[in-house]
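I am opening my notebook on a structure that is new to me. I will jot down what I look up, one entry at a time.

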Amino acid sequence: MEMVSEEELGRVTYEIFTKLEKKWLSGWLNKEEKNTEERKIRILSIDGGGLKGLISGQALVYFEKKLKEKSGDPDARIADFFDVIAGTGIGGVFASMLLADDGNGRPLFAAEDAVKIIAEKISNIFRPSGFFRRRWPSRRFDGLLRNLLSRAGRPMTLRDSLKPLLIPCYDLNSAAPFVFSRADAVESKGFDFELWRVCRATCATPNRFKPVHLSSMDGRTGVTAIDGGLVMNNPSAAVVTHVLHNKRDFPKVNGVEDLVLLSLGNGGFRTPGKLTGCRKSFSGEWGKGVVEIVLDGVSDTVDQILGNAFFRNPQDYVRIQGNGFSASKEVDASVNGVIALVSAGEGMLREKAVETLPLGGKRLLTETNGQRLDSFAKRLVESTKAVPLSPSKANADKPAG
């Protein structure tokens with residue numbers, strides 16, 4: 001048996017491990033490159049908040065402007081860069097308008113147009129009526145939504161959305177949350193509803209609007225709906241759960257590591273000084289304060305849950321929320337009130353951004369909310385150039401059972 005010298009053995013061992021190392025590194029690099037090229041599902045979530053929806057509206061206008069600048073396409077739309085959009089209350093109205101098909105496979109509204117229309121009409125829509133002027137008449141709101149979300153004289157339905165769409169409400173018939181979904185509408189006409197009625201349902205604030213009765217296109221499903229903000233003011237968790245389980249539209253999603261989420265808030269409800277002043281009494285003001293605490297608490301809880309879920313990849317979850325100027329403004333449907341709300345939205349973009357930390361707590365970032373949107377727009381534009389198109393509306397055109 002021929003003896004191998006220690007020097008020769010060392011040389012052979014070195015060559016073997018060098019080849020193994022190269023092979024391992026090659027496989028690792030190819031995997032990393034593949035993961036980089038594989039597209040993540042891009043989600044947009046828009047909070048509810050009644051009239052304060054105009055605050056997130058300003059974020060939508062700013063964000064779409066940045067998408068146009070960075071893509072070099074003056075016709076770029078938010079719908080081009082997201083795979084699914086969810087919205088509650090006025091946020092649901094914006095989501096529907098951004099995804100409504102104009103008949104040629106393009107969005108019916110640009111973000112600026114959608115927000116401008118609602119801002120201009122909102123004073124008339126939400127002008128109280130009646131002897132005590134406590135209720136907002138629904139007919140004006142009904143007429144506006146019906147006109148906006150119709151095409152060629154026909155009301156559009158959930159199936160007419162360009163991309164997957166989620167809008168929550170609370171169903172009094174079942175005493176449980178109900179989520180209107182394009183995915184369900186595609187599967188069955190029993191879950192397809194007229195889009196304008198869906199928007200009315202998610203905006204039906206109990207102390208302002210009457211509950212909305214609506215039936216599916218085939219009449220098999222009935223819903224008596226009130227404001228979706230009561231249960232899902234921040235619909236981010238609902239839409240993430242939807243994507244994780246919707247294998248029809250998102251077959252390659254295995255976990256949150258496959259998602260990118262942009263969540264737009266409306267500045268919060270709580271006004272600390274005001275709540276401190278009214279907590280000593282049992283007045284209606286205190287009752288209103290408790291409701292605001294609940295709604296804000298639910299939204300914050302969802303934010304914390306998502307912060308925990310994305311703790312391994314925090315760059316994939318961006319929450320835009322007012323923490324100062326915008327959060328202290330009163331809601332007023334007058335012309336001056338609308339101007340103040342628009343100004344609050346612009347103020348939110350200038351505020352320092354806040355990031356939710358895993359396992360609790362928040363931290364103030366050095367960048368503003370506007371700068372975070374700017375960076376997020378840049379990321380979406382760059383990634384979109386290297387990935388396939390979002391789920392096409394062709395899925396929605398398949399016959400439903």
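**Aromatic rings**

I find that Phe-63, Phe-82 and Phe-376 make up one aromatic cluster. I keep in mind that this is a predicted model.

I searched the whole structure for aromatic pairs and got seven. One of them is Phe-178 with Phe-193, an edge-to-face pair with 6.2 Å between centres and 85° between planes. I placed Phe-178 in strand 6 (residues 176–181) and Phe-193 in the loop between helix 6 (182–187) and helix 7 (195–202), 15 residues apart.

I then looked at Phe-180 with Phe-193. Their ring centres are 5.1 Å apart and their planes stand at 80°, so I noted this pair as edge-to-face too. Phe-180 belongs to strand 6 and Phe-193 to the loop between helix 6 and helix 7, so the pair ties together parts 13 residues apart in sequence.

Phe-180 is buried at 1%. Phe-178, at 16%, is buried because the cut-off is under 20%.

**Charges over rings**

I looked up Arg-146 and saw it over the face of Trp-196, 4.4 Å from the ring centre. The charged end of Arg-200 sits over the ring of Phe-209, 4.8 Å from its centre.

**Strand 8**

Why do I call strand 8 (residues 222–226) largely enclosed by the rest of the structure? Four of its five residues are buried, so I do.

I checked its partners. Strand 7 (residues 212–215) pairs with strand 8 in the antiparallel sense over four bridges. Leu-214 has Val-223 as its bridge partner there. The two strands form a hairpin with six residues between them, and Gly-219 in the turn has a positive phi of about 80°. Strand 5 (residues 165–171) is also antiparallel to strand 8, over two bridges. Here Tyr-170 stands opposite Ile-226.

Notes: Residues numbered from 1 in each chain as written. Predicted model: local features only at pLDDT ≥ 70, side-chain atom pairs only at ≥ 80, totals over all residues. Heavy atoms only, no water. Buried < 20%, exposed > 50% of the residue type's maximum accessible area, 1.4 Å probe, protein only. Pairing = 2+ DSSP bridges. Phe/Tyr/Trp six-rings, centres within 6.5 Å; stacked < 30°, edge-to-face > 60°. Lys NZ or Arg CZ within 6 Å of the ring centre and 35° of its normal.
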